[in-house]
Amino acid sequence: MKPSTQKWIEAAKILAQAPSAIVPCPELNDGILVVHDEIFQNDPTRMERYLVCNKCGAHNIMLMRVPNAKK
Ligand SMILES: [Zn+2]
């Protein structure tokens, strides 16, 4: 496991709950993570949340349920 992996997991936990939270880049600690959601067109209750560093472009994607999704 890369040393940054645990930091990505922590960042994902924070940003899953609070997408506007300021979280430093887990990879290089050079910028902050910007959140961008992509909702599945064939399942609007689920989405991919992209976490992208605004400096180096390091990124991760987490699958999650859309908050307050209508059934
Ligand atoms: Zn970075």
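## The nonpolar core

A nonpolar core is a set of buried Ala, Val, Leu, Ile, Met, Phe, Trp, Tyr and Cys residues joined through C-beta atoms within 7 Å, where a residue counts as buried if 20 or more other C-beta atoms lie within 10 Å of its own, as exposed if 12 or fewer do, and as partly exposed in between, with C-beta atoms placed from the backbone. The structure discussed here is a predicted model, in which local features need pLDDT of at least 70 and side-chain atom pairs count only at pLDDT 80 or more, while totals for chains, interfaces and linings use all residues. Residues are numbered from 1 along each chain as its sequence is written.

The largest nonpolar core of this model has eight residues, namely Trp8, Ala11, Leu15, Val23, Cys25, Leu33, Leu51 and Cys53. The elements that give two or more residues to this core are α1 (3-17) and β2 (43-53), and α1 supplies the largest share, three residues; helices (H or I, at least four residues) and strands (E, at least two) are DSSP runs, numbered from the N terminus. In soluble globular proteins, nonpolar side chains tend to be buried together.

Valine 23 belongs to this core, and, leaving aside its neighbours within four places in sequence, valine 23 is in contact with Ala11, Ile14, Leu15, Ile32 and Leu33, a contact being two residues whose C-beta atoms, placed from the backbone, lie within 7 Å.

## Pairing of the strands

Two strands pair if DSSP finds at least two bridges between them. Strands β1 and β2 pair in the antiparallel sense over eight bridges, and a hairpin joins them through two residues. Within this pairing, valine 35 has leucine 51 of β2 as its bridge partner.

On β2 there is also a pairing with β3 (residues 59-65), which runs antiparallel to β2 and is joined to it by seven bridges, one of them linking glutamate 48 to leucine 63 in β3. The hairpin formed by β2 and β3 has five residues between the strands, and glycine 57 in the turn has a positive phi of about 80°.

## Two loop residues

Alanine 58 lies in the loop between β2 and β3 and is partly exposed, with 17 other C-beta atoms within 10 Å. Not counting residues up to four places away in sequence, alanine 58 touches Cys25, Glu27, Leu28 and Cys53.

Asparagine 29 is found in the loop between α1 and β1 (33-40), and has a positive phi of about 55° although it is not a glycine. Most residues other than glycine have a negative phi.
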